[in-house]
Amino acid sequence: MKKDKKNNNSSSSSKPTTTTTTTTTSPSSSTLRKRHVTGINILEQLPLSYFICLLVRLIIGISSIGYIHPDEYFQSPEITASDIFNFDTFRAWEYDPTNPCRSIIVPMINSAIPYFTFKKGTIIIRDFNGYTLFVMPRLFAVFSSVLLDYYVCLLCRHYRLSFQKALSVLSSCWLIIIFHSRTFSNTIESLTVATLLTIVLLQDGKGYKYIENLALHGIHNRLTHLFASLPLMIGPLIIVLTIEIISIIRNYNSNSNSKSNQPTTNNNNNNNNNNSNNNSESGNGSSEQTVNMNGDYLLPWSVRLTIVGVIMSGLFFLSLAPHQEARFLLPIFFPCVLVCFRYFYMPTKRSKYLVIVWILFNMLATIFYGFIHQAGVVPSLIHLQGRISNNNVNNSISSSSSSPHFVDIDPNQKLNIIYFHTYMAPRHLLGIGADQKDRIKVYDVSGDFSKLSTLMDSFNDNSHTIVLTPNKKILYEQFRHKTCQLVDSFWPHITTEDLPDSLYNLRLFLLSCHEI
């Protein structure tokens, strides 16, 4: 009997040996097959809401005429259009060739590439107007913004979180719909910080060799890039020391209190859940099912420490800067989504209210900054470009005319274009060639009426002057030997520094001024 027991024990002990050999070979091949299938079918796992938001991002990106800040034009397309098309443009002081303070690489990427492609394509298409000059960099920016979506998928799948839910929050935010469809240097900074963060978190400490080059590129774009990326450069050392200290404390507590080994089991549980091989062997479903079953939307604490460090570092150092703008915080948008998207899916009433507030706020911000704020400047430039080139631009945003008159531009007459109480007009949308820069001049007088009056009086008798302003009261002002007539208007348009007195006057008015 003892021998039988020994034989049984030996046979039972031999069976696990064979099963372990099979499990060490088959899961690896099945894991490879699963990864291959997952890579192919990742589009099938994306929610319908994401594709809707992506379509909205594309449509709004190429049709939103709102004007957020002059930097979206004067830090990129206004610079490269001069070099590629030989247009007469306004080169900002940051890109002065004699003493530049910013690298030309970023404008060459986000606007020169689409412009150069467009220039070569016009040989075949032969359709050159202000709208195409406006939309080509926008398309490039929208396609580049998909990198953020891709990074969210990579990180969430790596840490077994619901990338579908994170994508829904990311793609529905007005920041990616509006700001990431513009050629701001802040947009490139946001992409660079997101790339750095993704490399650090995915490589588990092995990707730090790429940080130096990416950080150097980001600093050449904007010096503030250093603020958000600082934890990604010095953070690894701090995190390693923190982990070691906490591990020592946990081991000490575990040894001193033998009744509870909870800290050790939590640590092991965290490591096992993050091991893709263990998850595939257990036969669990998709990562989303695992998340929903466990009710856990949290990243590992060391990962959260890194992401929160990026957010807090960016907030702290940018708060010390004397010049503050909301778009400076764009680089921390991506890390905020990673740590905050879980609050939208908690089984509480607060989460439901948060979703409602989120949808309403993003809709209002998209409409205001995408289609109302300074929204008459770009259509007026496209309209004037069509008149200057004797090619009427027939598109939905070229003009919202409330007058049967049209502005007639004599090609042999000097033309003065003045923008009053608006943002600076990007000259490249007018397509003024080097041979026309002495005949066509664009002036920006901000909101200084005395400067406007002095400028109007300085023009000679043979010139044609066009004034674009949100204030119709200029019609009643007296200028020396000049009279102005309302010719056209562009709706909607709002200048917060010069609010209209009625909804009807929510326009940018085009006035044509001639000698009496």
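The model is predicted.

Helix α8 spans residues 163–171, and helix α3 spans residues 48–63. The axes of α3 and α8 lie 9 Å apart, at an angle of about 25°. Angles under 35 degrees count as roughly parallel, so α3 is roughly parallel to α8. The crossing of α3 past α8 is left-handed. On the α3 side, the contact is formed by Ser49, Tyr50, Cys53 and Arg57. These residues meet Leu167, Ser168 and Ser171 in α8. By class, the contact of α3 with α8 comprises three nonpolar, three polar and one charged residues.

Helix α7 (residues 130–158) also packs on α8, with the two axes coming within 9 Å. Here the crossing angle is roughly 150°. Angles over 145 degrees count as roughly antiparallel, and α7 and α8 are therefore roughly antiparallel to each other. The crossing of α7 past α8 is right-handed. From α7, the residues in contact are Leu148, Asp149, Val152, Cys153, Cys156 and Arg157. Their partners in α8 are Phe163, Ala166, Leu167 and Leu170. The contact of α7 with α8 contains eight nonpolar, no polar and two charged residues.

Helix α20 covers residues 449–458. Four of its residues are buried: Leu452, Ser453, Leu455 and Met456. They sit on the same side of α20, because they cover an arc of only 165° around the axis. The face turned away from this buried side carries Thr454 and Ser458, both exposed. Strands contribute to the cover over the buried residues of α20. Among them are β1 (415–419), β2 (440–444) and β3 (464–469). The cover also includes β4 (482–490) and β5 (508–515).

Asparagine 505 is placed between β4 and β5. Its relative accessible area is 15%. Buried means under 20%, so asparagine 505 is buried. Neighbours within four places in sequence are left aside in listing its contacts. On that basis, asparagine 505 is in contact with Pro470, Lys472 and Pro500.

Terms used
Residues numbered from 1 in each chain as written. Predicted model: local features only at pLDDT ≥ 70, side-chain atom pairs only at ≥ 80, totals over all residues. Heavy atoms only, no water. Axes fitted to C-alpha atoms, helices over the stretch in contact; angles between N-to-C directions. Helix = DSSP H or I, 4+ residues; strand = E, 2+ residues; numbered from the N terminus. Parallel < 35°, antiparallel > 145°, perpendicular 65-115°, else oblique. Left-handed = near helix turned anticlockwise from the far one by under 90°. Contact = heavy atoms within 4.5 Å. Nonpolar A, V, L, I, M, F, W, Y, C, P; charged D, E, K, R; others polar. Buried < 20%, exposed > 50% of the residue type's maximum accessible area, 1.4 Å probe, protein only. Arc of directions from axis to C-beta.
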